[in-house]
Amino acid sequence: MSSQGPTAQIGGSPTAAAAADLAGLIENYSQRIDLVRRQLGQVIFGQEQTVEQALISILSGGHVLLIGVPGLAKTKLVDSLGQVLGVDAQRVQCTPDLMPSDIVGSEVLEESESGRRSFRFIKGPVFCQLLMADEINRASPRTQSALLQAMQERKVSVAGHTYNLPEPFHVLATQNPLEQEGTYPLPEAQLDRFLLQIDVDYPSPDAERQMLIVTTGSQEAGLTRVLSPEDVLSIQRLVRRMPVGEKVVDAILKMVRAGRPELTGIKEVKEGLAWGPGPRAGQALMLATRARALIQGRFSPSIDDVMALAHPVLRHRFALTYGARAEGATPRAIIDRLIAEIG
C-alpha cells in the first residue's frame, strides 16, 4: 500500500516551506540511521528485524521488552546500540535479592573533616541513557515497581527527594521464556509501559554460519559512533512532527478498538480475550509507524507500517482467557485476525 498523504497531521497541514524542511530532515536522518543499521549488522547477525524494531522504539522515545532464549545477542544488541548511538549504557542483572536501591541509588551518611554529618545521594545504574535490565522477571515486584516510575516519569524519588534521569532515557529489558520457576511475571501496568515487545528468533542458516566464522576469529569488528544523545533527541522530536494520513489514523483506531472484548464484533476476540489493549496501544502504534517510515526514508507512515508493527505493539497488551488458552488460541492468531480486519 502506498504511503498516505499528510492530511491528518496534528496541528494542521504543514506549509510548503515547513514540508520542505521536514522532508530534508527526514532524508538526512534516514541516511544516518541506515549507517547505524549497517554498523550494528557487523556484530549482530541475522537479527535485522530485531534491530529495526529496537531502533523504532528508541527513536519513538519508548522502552523495549526483548523475549528470547539465551544466546541470541540480546545483551550484545544493547551494548552495541549504546556505542553506535553515543549514549551512556548500563546493565543490571536482575535477581530475586536485587533491591530498589541497587537500581536507583541510595543515601549514605558522611562525616566531614569538621565533624559535621550529612547525607549524600549516590546514584544507581538507572542514571544512564540506555539501561539494560537483564531477566527483569527475576527481580522482585518491589524492585520492578522502582523501575516503573523511572520508565514512565523519567525520574526517581529517594528519601523524599526527586531526581531527574538523563535524556534520552530508555530501558531495554530481557526475559527468558523457557525458565519460569522463581520468576515474578511483570504486572499489566508495567508491561504497558513498554512500547514494543520484540520476540527474538533464531538466525537463518546463512546468518548463523557468518556469525560462527566472524565471532570466533582473532579480531572483533569495531563499532563507530554515528549519532549523539542530542541527535537521538532531535530524531524523537522529528518523529512527532511527521504527518499521518487519515486512513492510517482510522486503521490504528479500528485495530485497537477491535481488540477490546466489550467493543469488538470479532468472535475470536469477544470470546478469547479477558481484556484488550488500552489507549496507550494506539499511541504506541502512532509513534512506531512514524519511526518506521523515517527509518525507511518516507515522509509519512502507511497502513503497511501499522500491519508490520501490530504484533510487537499489541502482543503484551491483552490477555487470553483460560478457556481460549485451553483451546490452543495464541496472541499471534488474535493479532493476525485484527490485521485482517483492517487489511
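This is a predicted model: local features need pLDDT of at least 70, side-chain atom pairs count only at pLDDT 80 or more; totals for chains, interfaces and linings use all residues.
Residues are numbered from 1 along each chain as its sequence is written. Local features need pLDDT of at least 70, side-chain atom pairs count only at pLDDT 80 or more, totals for chains, interfaces and linings use all residues, and side-chain values use heavy atoms, with hydrogens and water left out.

Buried here denotes under 20% relative accessible area, exposed over 50%, and partly exposed in between, with a 1.4 Å probe and protein chains only.

Contact means heavy atoms within 4.5 Å. With neighbours within four places in sequence left aside, Met255 is in contact with Leu285, Val306, Ala310, Leu314, Leu338, Ile339 and Ile342. Ala281 is found in helix H11 and is buried, with a relative accessible area of 0%. Residues up to four places away in sequence not being counted, Ala281 touches Val256, Val313, Leu314 and Arg317. The C-alpha atoms of Ala281 and Leu314 are 6.7 Å apart in space, although the two residues are 33 residues apart in sequence.

Helix H9 (residues 246-258) packs with helix H14 (residues 331-342) at an angle of about 140°, and their axes are 9 Å apart. Axes are lines fitted to C-alpha atoms, for helices over the stretch in contact, and angles run from 0 to 180 degrees between N-to-C directions. H9 and H14 are therefore oblique to each other, given that angles under 35 degrees count as roughly parallel, over 145 as roughly antiparallel, 65 to 115 as roughly perpendicular and the rest as oblique. Ala251, Lys254, Met255 and Ala258 in H9 meet Leu338, Ile339, Glu341 and Ile342 in H14.

Arg138 lies in the loop between strand E5 (130-134) and helix H5 (141-153). Arg138 is buried, with a relative accessible area of 19%. Apart from neighbours within four places in sequence, Arg138 is in contact with Cys94, Thr95, Pro96, Glu179, Glu181, Gly182, Thr183 and Tyr184.

Technical notes
Helices (H or I, at least four residues) and strands (E, at least two) are DSSP runs, numbered from the N terminus.
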